[in-house]
Amino acid sequence: ARKFFVGGNWKCNGTTEEVKKIVNVLNQAEIPSEDVVEVVVSPPYVFLPVAKSLLRSDIKVAAQNCWVRKGGAFTGEISAEMLVNLDIPWVVLGHSERRALLNESNEFVGDKVEYALSQGLKVIACIGETLEQRESGSTMAVVAAQTKAIADKIKSWDNVVLAYEPVWAIGTGKVASPAQAQEVHAELRKWLAENVSAEVAQTTRIIYGGSVNGGNCKELAGQADVDGFLVGGASLKPEFIDIIKSAT
Ligand code: 13P
């Protein structure tokens, strides 16, 4: 069985004080054990050390991005090696905000996933269609192309969690219905079976992101192919605990 996975993407938010507050809430929460749910929070780079040092040991941290290859003369970038050096186990790559606002192409994201894995990081790889793409009926073609760009570059999916985040659902309050999420997750699993292997399709966690909150998480979590969540806004609030608990 695939272990439930809940990620909290804090995006470009917070101050040191706010980070300490969120960490405090998480540290005091009663959540299911690590055998039942894997919990990872993703603060902005500059808060990774403080968050990591204060957080309970059963909640891990992730960076929100990293450079596409070995560090060097790339002003403003943070390399995978640096994350490894700080003992940061996870990185989020290919988030739609970076694809859209910073022009990250499918191929560039594939290269990033490949390099991050080669350095020993675990990757939350994000994919998802825009509203226009959904309305024109190209959802599956879009997410398959995004997944293929990653699959073409990597040898093992052991350290990859695939996050399906429809762009129209991110930060909009318009969560995908459980049926909509399940449909795409099942198609993605089928794509993995046909294009990678039956084993990878069976074992890879496919998590949903986009307006997940304490109220809608339970029904989404009940879908056969929804293996967890990547949460934005609600991960900054105490209701993140309820989302973690939807694992059981
Ligand atoms: P919201 O939960 O705020 O819609 O954001 C989802 C997201 O982008 C997580 O990566």
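**Figure 1. Helices α7 and α8 pack against each other at an angle of about 40 degrees.** In this predicted model, the axes of α7 and α8 (residues 178–195) sit 11 Å apart. That angle makes the two helices oblique to each other. Look at how they pass, and you'll find a right-handed crossing. On the α7 side, the residues that join in are Thr 139, Met 140, Val 143, Ala 144, Thr 147, Lys 148 and Ala 151. Across from them, α8 brings Val 184, Glu 187, Leu 188, Trp 191 and Leu 192 to the meeting.

**Figure 2. Helix α7 also packs with helix α5.** Here we have α5, residues 106–118, and α7, residues 139–151, with their axes 7 Å apart. The angle between them is about 40 degrees, so this pair counts as oblique. Which hand does the crossing of α5 and α7 have? It's right-handed. From α5, pick out Asn 106, Glu 107, Gly 110 and Val 113. They meet Ala 145, Gln 146, Ala 149 and Ile 150 of α7.

**Figure 3. Zooming in on Leu 117, a residue of helix α5.** Which residues does Leu 117 touch, once you skip those up to four places away in sequence? Its partners are Val 123, Ile 154, Ser 156, Asn 159 and Val 160. Now find Lys 155: along the chain, Lys 155 and Leu 117 are 38 residues apart.

**Figure 4. Two cysteines, Cys 66 and Cys 217, are both buried.** Cys 66 has 0% relative accessibility, and Cys 217 has a relative accessible area of 2%. Why do these two count as buried? The label applies under 20% relative accessible area, so Cys 66 at 0% gets it, and so does Cys 217 at 2%.

**Figure 5. How confident is the predictor?** The protein averages a pLDDT of 98, and 100% of the residues score at least 70. For the model's other scores, ipTM is 0.99 and pTM is 0.98.

Key
Residues are numbered from 1 along each chain as its sequence is written. This is a predicted model: local features need pLDDT of at least 70, side-chain atom pairs count only at pLDDT 80 or more; totals for chains, interfaces and linings use all residues. Side-chain values use heavy atoms; hydrogens and water are left out. Buried means under 20% relative accessible area, exposed over 50%, partly exposed in between (1.4 Å probe, protein chains only). pLDDT is the predictor's confidence in each residue, from 0 to 100. Axes are lines fitted to C-alpha atoms, for helices over the stretch in contact, and angles run from 0 to 180 degrees between N-to-C directions. Helices (H or I, at least four residues) and strands (E, at least two) are DSSP runs, numbered from the N terminus. Angles under 35 degrees count as roughly parallel, over 145 as roughly antiparallel, 65 to 115 as roughly perpendicular and the rest as oblique. A crossing is left-handed if the near helix is turned anticlockwise from the far one by less than a right angle, and right-handed if clockwise. Contact means heavy atoms within 4.5 Å.
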